[in-house]
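I opened my notebook to look through this structure step by step. Come along and follow my entries with the model beside you.

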Amino acid sequence: MNMQTSVSRKIFMAFNCILLVGTALICILPFINQLAVSFSHKNAVAANQVIFWPIGFNLSAYDFILKGDAFMRALWVSIQRVAIGVPVNLLLIILTAYPLSKSKENFRFRSIYSWFFVVTILFSAGLIPTYMIVRFTGLIDSIWALVLPGALPVFSMLVVMNYMRSLPPELEEAAYVDGASHVRTLVYIILPVSTPTLATVTLFSFVAHWNSWFDGQIYMNRIQNYPLQSYLQTMVINVEAFFRNSTNVSADIARYIELVSARTSAAAQMFLAMIPILIIYPFLQKYFATGLVLGSVKG
Amino acid sequence: MRREALPPHICTNINLFAWGEIMNNSKLRRRNKNLRELPLHIMLIPAVVLVGIYSYGSMAGIGIAFQRFVPTNGLFGSEWVGLQNFQTLFTMPTFWPIIRNTVFIALSKMILHVVVPVIFALLLNEVANIGFKRSIQTFVYLPHFLSWIILAGIFKDLLSPSSGAVALLMSPLGIQIPFFLGDKFWFPITMVLTDVWKGFGFGSVIYLAALTSIDPSLYESAMIDGAGRWKQTLHITLPGIQSTIILMTVLGMANILNGGFDQIYNMYSPVVLDTGDILDTFVFRLGIESAQFALSTAAGFFKSIVSLLFIIASYYLADRTAGYRIF
Amino acid sequence: MKSIHKRVFALVIALVIVAGLAACGGSGDQSGGTGGGTPAPASNNNSGAAAPAPVADGPLTPYAEPVTITWAVQASQVQKFFDGDTYEDNRWSRKIKEDLNIDLEVYFSADISTDAFRNRINVALASGDLPDIFNWSDRTWFTQAYEAGYLYDMTDLYAQYATDNVKAYQDKWPGGFKGASIDGRLYAFPSMVDNFHQAVYLWIRDDWLEKAGGKPPQTVDEMVEMARILTSGDGSTYGFALNNKFDESNFGNIAGLASAFGAPVRGQDVYYRGSDGKMQFGWIQPGVKDALAVVRDMYAEGLIDPEFVVKDGGTLEVDVANGKVGMMYHMNWGTWYPYNFVYESEGVITRPYPIPTQAGHDFKVGINSNESPEYMFMLNANTKHPEAFMKILNLYEATVESSDKADNFQDFWADEQYRLCPVFVPIPTELYADVLHPALAANDRDSLATGVQVYYDWIKNFEAGTDTNPNAYGTWGQMFERGSMAVALYDYSGHIVQSVMSTERPEIWYQNSSILEGILRTTFTDIITGAKPLDAFDEAVADWLANGGQQTLDELEVMYP
């Protein structure tokens, strides 16, 4: 590969780099724009002056959002949800994917179990019956209502199962000959080489939990218990109403009236909602990249 | 039926870690597959129980589709009306246009969600510089992590023809952008493109993972044979990730009637209902906003049946053409 | 192999069925106390009347032992809280605990200004998971809840526990009570209804009116001309504002324009007998087509924000608050919302004017039947303490409506505090217009009831410039001598068309009204934006008739002879 770098190859690489950088910019510029809006003076935003650089820089929009504790409370519910939901997902994925990755000879019931799970992707009964079951199992208004109904993400399980099946059979055969149990095989042989795929599905379920909003609105009885996305979905940012409702006009309020508009506060709120992801994301990506290297070792 | 496979209480006392040793010293091993399979059944119990309760338990609710549903003591209190709800549904003037919209949006998304990530993964795979590669990845993965709640808010602002950043960037060039979210023609296209924008980066992850597992010696021997980069891509890289592409496509087929509820529900408005209303938003409006539970369930059931047919068809297709089985 | 497959599939199916049974059994247990498995609302009477609680002896007697009552909260951003109050703990919850020994518990809360509350209470209906007391306005919902046996028949309860003051409402405004009754039995405590005030108005900011010559438009042509003057042309202001659901009774509607062309419209509820004696529906009248032609031309000329199609009430509100739009058709409560924002931020007053008319057309203003209450406070058929509902209602009435302590009104009604009481007496301020107008003219404060005196003071003080609080401005806009109430009572007299459709509605209406609404709204939008020619109106009307509209008209013809 490095021996013969022809001219056409060089042109291709240059073109490729430009294309990739352009693609990356398309993905990131919308957020830069919103960030700039959130930091700008409301008049500059209203006059269509702000594109990628804040004008009349100030932090009042953030101040305004953070002064109301509703946002932080919703954030906390979301963090709890992820902290409980993701490990539960991961455990069930592993416990399910491993048996189903067996060949038909080694596990004769594989197909039946597989269909049992796959059918659920296709037939969702709809909101009302699901609500009834959730209520019947006593989970309404509890964080578990957001975790247990989707405890096994079938798609992720299929991804892991598929990966485990693609592992060289000799690995397991050797273990089997050594007399290792299934659990031992899973824990000491299969899981260590499955890190990349497990990292992938961890991300899947992290994202799924972080982003769902509708179940929060339906299963949570109180607005205070809404996770962040549910809260954001119902929260029509009405700055004027907020100012009107502030029963004692303080210096803060006067500053908000001067600097903050519905657009700047909306942008600030979106950014605040992204912050946890921006914190966790580089860590996950690093882990993920390691996972990819591990994955390539096995070949 | 093999009884020993079923009752969980028998199995709970067995030390699973010791099981292998027991098996090893036992002559039962070859004769009795059931015992060897027992731990596998046990592992599946939690998932079977939870899926049984929450997915299958609620499936009984599909019965509502065949009733004149009166929300009262559970499912069996209402009058059964056969297929009447479906008849009503199919004769609704909006129903078939909604199916058309759904299929158009879902199909476009399905295709692009395979094509764009694969191309992107191939291009990124050509880059040797790890740092550059990782930076690009950091940026393109990001949208996937964000909810449609947030992204809908951003796009509504960004795409506004009067005050959005896109319009502001284009107006000095003399380009007047269309009203992406308020125009019947552009709305579905915008839905497809923004969805691809959100997902292609992360969608490429699975292909990048597949690419790294291709045996490097194959490339080396190809180079010795004098095969160029393009030929290597065609004959080694693509076949190497073929199984992944097929898996993703087949799994995607089940989405034939999935237009993307979160996205469209948070971005549509009455003006684009003609072209932008999809089955899921329709089911939602019918069931939750208009309290037409039976009709709504019937529409949802219709969607499930169609999806099932598609997944079965695609499953056989993958098996026949590529010798590939998902499970 | 084959047989194993079959058997296992049988197993899976069996599991499905068992799980299904469990599910149904479960929900049956939870909500099954009423009718033994059959939807028999009549059986509710027994549970209510046959078990009078021993301690409950008078309309305002506190419970000896504390009882807990759950309710559904319609949360809203406009709700004001004082001194760290919450929905769980506030002036009303403390008062109810103190005076009646009732512990209020929020069963669920959801935002009423978005779809969240409606979604939540519809799920509650389908699953039977309801609190003791709930308040919802949807007629379809009410009917379904009744059929399911979820509603407590409060006829006897009302007779036994309501105070005389509360009972008097039934005589004064019988319409709402009729609307809340089914087969002569009362299933909800309704809002007091006399719908004259549902009329539509043209609202113009004072400063914009001045800029446009100072004379409010009398005709549709003058209105269009004024919109032309008020449109800046650079997108910073638009003369005429439209909401994307311009057929609803909200600000930015086209109902006022349709009315000018003789089509009485209001939401999806106005069915009336035309001059030929036949049943009619407002939005399919030829006058609507003429109105659409006017709006289409205004849109083409750039007098309407081209982005109106994505602006719902919430986003249009922001435009109003920012002074981007000035003139629009709106209901009577413009000074309460959203022009209150304009007043608060710029100090500019906005007033209602009678709708401009069109030569050759007799204008007609559509309003709902007086038997369609806006609020319905319902009681769960399974509640353990039904009389608590009446006690809370009595307490509210005694505290707010008939108290002689003027502060009570300020403390327990004003600033949206009344919404914190699970059951209140919903009397639109509008209904006091007929007593307020003469009192204001004669400066006669003393003849008014205590609660009404508060309105009187607000109006007088607002005019004198001594009270600038939003309550005063809101009330003033409705009640001053050219306020919306005066317009409705005097200017519109003889032009109001009231819907005949009361509580009884055709099945097809329940099923199809949202679809029919969609058919018309989509076509109307297309006509306005120029995506379809004006004649698409006729096709839409044909579609409307073919898809259940004609059937609705025919059935109403029989239902309301």
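Entry 1: I count two residues as in contact if their C-beta atoms, placed from the backbone, lie within 7 Å. I also note at the start that this is a predicted model.

I looked up the domain assignment of chain C, which gives domain 1 (43–194 + 373–420) and domain 2 (197–369 + 496–559). How many residues of domain 1 of chain C are in contact with domain 2 of chain C? I found four residues of domain 1 of chain C in contact with four residues of domain 2 of chain C. On the domain 1 side, helix H5 (139–147) and helix H8 (174–179) of chain C each supply at least two residues. By class, that side of domain 1 of chain C has two polar and two charged residues, and no nonpolar ones. The centres of the two domains of chain C, taken over C-alpha atoms, are 34 Å apart.

**Entry 2: helix H5 of chain C.** After H5(C) comes C:Gly149, and I noted its positive phi, near 75°.

**Entry 3: the domains of chain A.** Here I read off domain 1 (1–57) and domain 2 (59–297). Nine residues from domain 1 of chain A and ten residues from domain 2 of chain A take part in the contact. Helix H1 (7–39) and helix H2 (42–46) of chain A each give two or more residues to the domain 1 side. The largest share of that side, four residues, comes from H1(A). I sorted the domain 1 side by class and got four nonpolar, four polar and one charged residues.

**Entry 4: chain A against chain B.** Next I turned to the contact between two chains. I found 74 residues of chain A in contact with 72 residues of chain B. The side of chain A that touches chain B has 45 nonpolar, 24 polar and five charged residues.

**Entry 5: the nonpolar cores.** Which residues touch the most other members of the largest nonpolar core? Of its 323 residues, I can name C:Met327, C:Ile392 and C:Val423. Helix H10 (residues 186–212) of chain B gives the most to this core, namely twelve residues. A second, separate core has six residues, among them A:Val82, A:Val86, A:Ala199 and A:Leu203.

I then followed C:Val423, leaving aside its neighbours within four places in sequence. Its contacts are C:Ile133, C:Phe189, C:Phe377, C:Phe389, C:Ile392, C:Leu393 and C:Tyr396.

Entry 6: Chain B has 16 helices and two strands. Of its 327 residues, 47% are buried. Among contacts in chain B with a separation of 6 or more, 66% join residues 24 or more positions apart.

The mean pLDDT of chain B is 82, and 86% of its residues reach 70 or more. Where in chain B is confidence lowest, and where is it highest? It is lowest in helix H1 (residues 8–11) of chain B, at a mean of 33, and highest in helix H6 (residues 95–125) of chain B, at 93. Over residues 1–23 of chain B, pLDDT stays under 50, and the model has 27 contacts beyond four places in sequence for them. I wrote myself a reminder: where pLDDT is low, the predicted coordinates should not be read in detail.

Terms used: Residues numbered from 1 in each chain as written. Chains lettered and ligands numbered in written order. Predicted model: local features only at pLDDT ≥ 70, side-chain atom pairs only at ≥ 80, totals over all residues. Core = buried A, V, L, I, M, F, W, Y, C linked by C-beta atoms within 7 Å. Buried ≥ 20, exposed ≤ 12 C-beta atoms within 10 Å, placed from the backbone. Domains from an automatic or database assignment. Nonpolar A, V, L, I, M, F, W, Y, C, P; charged D, E, K, R; others polar. pLDDT = per-residue confidence, 0-100.
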